[in-house]
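Q: Hi! Could you walk me through this structure before I set anything up?
A: Happy to, let's look at it together.

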Amino acid sequence: MIDQDNSSTANSRVLKTYQEARLQNIENLRKLVVDAAAMLLQEEGPEAVTVRKVAQKMGCSTKIIYNLFVNKEGLAQQLYLDGCKLLANELEGTPQAADPAQHLQNLGEAFWQFGQRYPSYYKLMFGGAFADFKPDEESLNGTITAMQQLLTVISNAQKNGLIPGQYDPETVIRVFWASLHGVIHLYMGGHLGDVQSAHAVYRQTLSFIVNSLIPNKT
């Protein structure tokens with residue numbers, strides 16, 4: 001005679017295992033689609049990332065991608081979050097410096113290098129490359145997380161009296177970030193000449209900002 005309780009428990013375990021496997025399969029498929037879109041993004045630029053082209057690269061129907069991401073904007077959001085991880089890795093790998101002014105210089109340089117290494121991600125995240133895509137709250141939180149290194153340095157400098165305390169750290173970051181982004185955006189738009197000339201302008205802008213925040217007292 002079959003123990004009903006044991007049979008029920010066994011069936012429950014099988015059902016749960018199936019559900020987990022199905023979810024894992026969907027997650028794996030999402031990752032493959034995002035990888036294909038990321039490859040298009042890096043190789044051909046944001047304008048190449050369409051549902052149709054991603055489906056062609058994957059060898060699947062567009063319906064599958066729509067089922068996974070709803071629309072192109074859903075796919076763009078996932079690429080945005082992946083870009084946040086790349087930016088976070090870039091900033092986290094920045095050389096540490098005991099002098100907060102030097103540390104800010106290092107972080108600013110890392111932001112430039114991110115734009116150079118991943119120009120298509122940069123354009124997607126900060127350049128409005130996808131006209132219909134606006135970062136949602138999750139995406140914006142991803143950006144804040146990516147910039148955590150910068151927030152930490154500025155907050156610590158304020159606590160040590162190196163940056164005036166009346167300035168909100170997030171406001172300081174926005175000013176810092178917006179100024180640097182402006183140079184990169186002008187360069188990407190062809191307004192600052194070649195990469196060497198643009199980088200020189202960027203470094204000078206970075207120095208101006210850092211020196212205004214933490215004046216050199218020597």
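Predicted model: local features only at pLDDT ≥ 70, side-chain atom pairs only at ≥ 80, totals over all residues.

Q: Okay, and what share of the residues is buried?
A: Of the 218 residues in the protein, 38% are buried. The accessible surface comes to about 12700 Å², and carbon and sulfur atoms account for 53% of that.

Q: What about contacts between residues 24 or more positions apart, what share do they make up?
A: They account for 66% of the contacts with a separation of 6 or more.

Q: Now the inside. How many residues are in the largest nonpolar core?
A: The largest nonpolar core has 57 residues, and V49, V54, L104 and F176 have the most contacts inside it. Helix 4, residues 72-92, gives the most to this core, with eight residues.

Q: Which residues does V54 touch?
A: Setting aside residues up to four places away in sequence, V54 touches V33, A36, A37, L40, V49, I65 and L75.

Q: And helix 2, which of its residues are buried?
A: V51, V54 and A55 are buried in helix 2, which spans residues 51-58. They sit on the same side of helix 2, because they cover an arc of only 100 degrees around the axis. The face turned away from that buried side carries the exposed residues R52 and Q56.

Q: What follows helix 2?
A: G59 does, and its phi is positive, near 70 degrees.

Q: Switching to cysteines: how many disulfides are there?
A: The structure holds zero disulfides.

Q: On to charges. How many salt bridges are there?
A: The count comes to five salt bridges. One of them joins D35 and K31, with the closest N and O atoms 3.1 Å apart. D35 and K31 both lie in helix 1, residues 4-44, and they are four residues apart, about one turn of the helix. D35 is partly exposed, with a relative accessible area of 35%.

Q: Which pair links distant parts of the chain?
A: The side chains of R117 and E90 meet in a salt bridge at 2.1 Å, N to O. This pair links distant parts of the chain, with R117 in helix 5 (residues 100-117) and E90 in helix 4, 27 residues apart.

Q: How accessible are R117 and E90?
A: R117 is partly exposed at 47% relative accessibility, whereas E90 is buried, with a relative accessible area of 16%.

Q: What about R174 and E170?
A: Their side chains meet in a salt bridge too, at 3.8 Å, N to O. R174 and E170 are separated by about one helical turn because they are four residues apart in helix 9. R174 is exposed, with a relative accessible area of 53%, while E170 is partly exposed at 43%.

Q: Last one: where does L186 lie?
A: L186 lies in helix 9, residues 169-188, and counts as partly exposed at 41% relative accessibility. Leaving aside neighbours within four places in sequence, L186 is in contact with H191 and L192. L186 and A198 are twelve residues apart in sequence and 8.6 Å apart in space, C-alpha to C-alpha.

How values were computed:
Residues numbered from 1 in each chain as written. Heavy atoms only, no water. Core = buried A, V, L, I, M, F, W, Y, C linked by side-chain atoms within 4.5 Å. Buried < 20%, exposed > 50% of the residue type's maximum accessible area, 1.4 Å probe, protein only. Helix = DSSP H or I, 4+ residues; strand = E, 2+ residues; numbered from the N terminus. Contact = heavy atoms within 4.5 Å. Areas by Shrake-Rupley, 256 points an atom, 1.4 Å probe, with all protein chains shown as cover. Arc of directions from axis to C-beta. Disulfide = S-S within 2.5 Å. Salt bridge = Lys/Arg side-chain N within 4 Å of Asp/Glu carboxyl O.
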